[in-house]
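Please keep the sequence and the model in view while reading.

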Amino acid sequence: MTDQPSTSRTAIVTGAARGIGAAVARRLAADGFAVAVLDLDESACAAVVSEIEAAGGRGLAVGVDVSDEAAVQSAVERVVDGLGAPTVLVNNAGIIRDNMLFKMTTDDWDAVMGVHLRGSFLMTRAAQKHMIDAKWGRIVNLSSTSALGNRGQANYAAAKAGLQGFTKTLAIELGKFGVTANAIAPGFIASDMTRQTAERMGITFEQFLEGAAKEIPVGRVGQPDDIAATAAFLVRDDASFVSGQVIYVAGGPKA
Ligand code: NAP
């Protein structure tokens, strides 16, 4: 999909070295955005940047811990210098530290809040000024069906529900500057994150995928490209009247 004038626009995707973030980064590059690929390990971002460049796009690998205020500030500055002022931000970086509440440690709680909530806050605060300057911007936050509640994920569910409130507030505050903010709430997506869940449950990833697909109305689990397609829509020019929404992308009406 390349029918919109996005060639001079710069997008940041966090947690983009693999999984959903990598798929979003590749898709936005294919749609004409220069894409900053942010992740904890800068060298891990290089493969995605190489793919983007091999396909004729522009990419930049930037190592950053999104929960580190100073690191976020300098990462966004590197993006401005390397690709131009970012006017699209996809807050995708995420971790899980699953456990039943009575076994959940304070570190498990803080780590999940730190990456999802503090990380999205810091990234958005650093990037929004470029969107305000441009009088155009798109913010996409990765929530989850777990926001509706999920056994063993008190921390993650709280963070993902929190991101929905964050998103709606951004939409209210930034709308008059031409900036939209929306959340995507994926259901089951095949990635390293769900592989990690299978390991914790003591089953193979294949068994986990097969069991999950049976519960999903469309009869399959999601793929990172399913989320990339939704993000690609939300950042389009003609999605300018869609803001403050949570789009569940889960192969059916509920988790
Ligand atoms: P993933 O494969 O585990 O990828 C997450 C990426 O985020 C990793 O590259 C990870 O880096 C990076 N990351 C973690 N902490 C970070 C930090 N502090 N700063 C910067 N980067 C960091 O996960 P995914 O399945 O693609 O999930 C992507 C997003 O979708 C997450 O927000 C997740 O919660 C959400 N989501 C996923 C599913 C699903 O079924 N997979 C469903 C609903 C929502 P390292 O590899 O170095 O740790």
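## Asn 182 and its surroundings

Not counting residues up to four places away in sequence, Asn 182 touches Ile 139, Val 140, Asn 141, Thr 167, Leu 234, Val 242, Ser 243, Gly 244 and Gln 245; contact here means heavy atoms within 4.5 Å. Asn 182 is placed in strand β6, residues 179-186. Helices (H or I, at least four residues) and strands (E, at least two) are DSSP runs, numbered from the N terminus. The relative accessible area of Asn 182 is 0%, so the residue is buried. Buried means under 20% relative accessible area, exposed over 50%, and partly exposed in between, with a 1.4 Å probe and protein chains only.

The side chain of Asn 182 also reaches the backbone nitrogen of Gly 244, at 3.3 Å. The model is predicted: local features need pLDDT of at least 70 and side-chain atom pairs count only at pLDDT 80 or more, while totals for chains, interfaces and linings use all residues. Residues are numbered from 1 along each chain as its sequence is written, and side-chain values use heavy atoms, with hydrogens and water left out.

## Two buried helix residues

Leu 170 belongs to helix α5, which covers residues 154-174. With a relative accessible area of 11%, Leu 170 is buried. Leaving aside neighbours within four places in sequence, the contacts of Leu 170 are Thr 124, Ile 139, Asn 141, Gly 175 and Ala 181. Leu 170 and Ala 213 are 43 residues apart along the chain, and 34 Å separate their C-alpha atoms.

Ala 228 is found in helix α8 and is buried, its relative accessible area being 2%. In sequence, Ala 228 and Val 24 are 204 residues apart, yet their C-alpha atoms are 4.3 Å apart in space. Leaving aside neighbours within four places in sequence, Ala 228 is in contact with Ala 23, Val 24 and Arg 27.

The protein chain is divided into domain 1 (10-187 + 223-248) and domain 2 (190-221), with bounds that come from an automatic or database domain assignment. Taken over C-alpha atoms, the centres of domain 1 and domain 2 are separated by 24 Å. Nine residues from domain 1 and eight residues from domain 2 take part in the contact.

The size of an interface is often given as the accessible area lost when the parts come together. Between domain 1 and domain 2 the buried area is about 800 Å², of which carbon and sulfur atoms give 48%. Buried area is the accessible area (1.4 Å probe) that two parts lose on being put together, summed over both. Of the area that domain 1 buries against domain 2, Ile 96, Asp 98 and Gln 223 supply 52%, more than any other three residues.

## Salt bridges

The structure holds nine salt bridges, each defined as a side-chain nitrogen of Lys or Arg within 4 Å of a carboxyl oxygen of Asp or Glu. Across the interface of domain 1 and domain 2, three salt bridges are found. The side chains of Asp 226 and Arg 220 form a salt bridge at 2.9 Å, N to O. Asp 226 counts as partly exposed at 23% relative accessibility, and Arg 220 is partly exposed with a relative accessible area of 40%.

Another salt bridge joins the side chains of Arg 9 and Asp 237 at 3.1 Å, N to O. Arg 9 lies in the segment before β1 (10-14) and Asp 237 in the loop between α8 (224-234) and β7 (246-249), so this pair ties together parts that are 228 residues apart in sequence. Arg 9 is buried, at 17% relative accessible area, whereas Asp 237 counts as partly exposed at 25%. The side chains of Asp 238 and Arg 236 meet in a salt bridge as well, at 3.0 Å, N to O. Asp 238 is exposed, with a relative accessible area of 54%, while Arg 236 counts as buried at 10%.

## A positive phi at Lys 135

Most residues other than glycine have a negative phi. Lys 135 is not a glycine, but has a positive phi of about 55 degrees. Lys 135 lies in the loop between α4 (106-134) and β5 (137-142) and counts as exposed, at 63% relative accessibility.

Definitions and conventions: A polar contact is a pair of N or O atoms within 3.5 Å; within protein, one must be able to donate a hydrogen and the other to accept it, and residues adjacent in sequence count only if both atoms are side-chain atoms.
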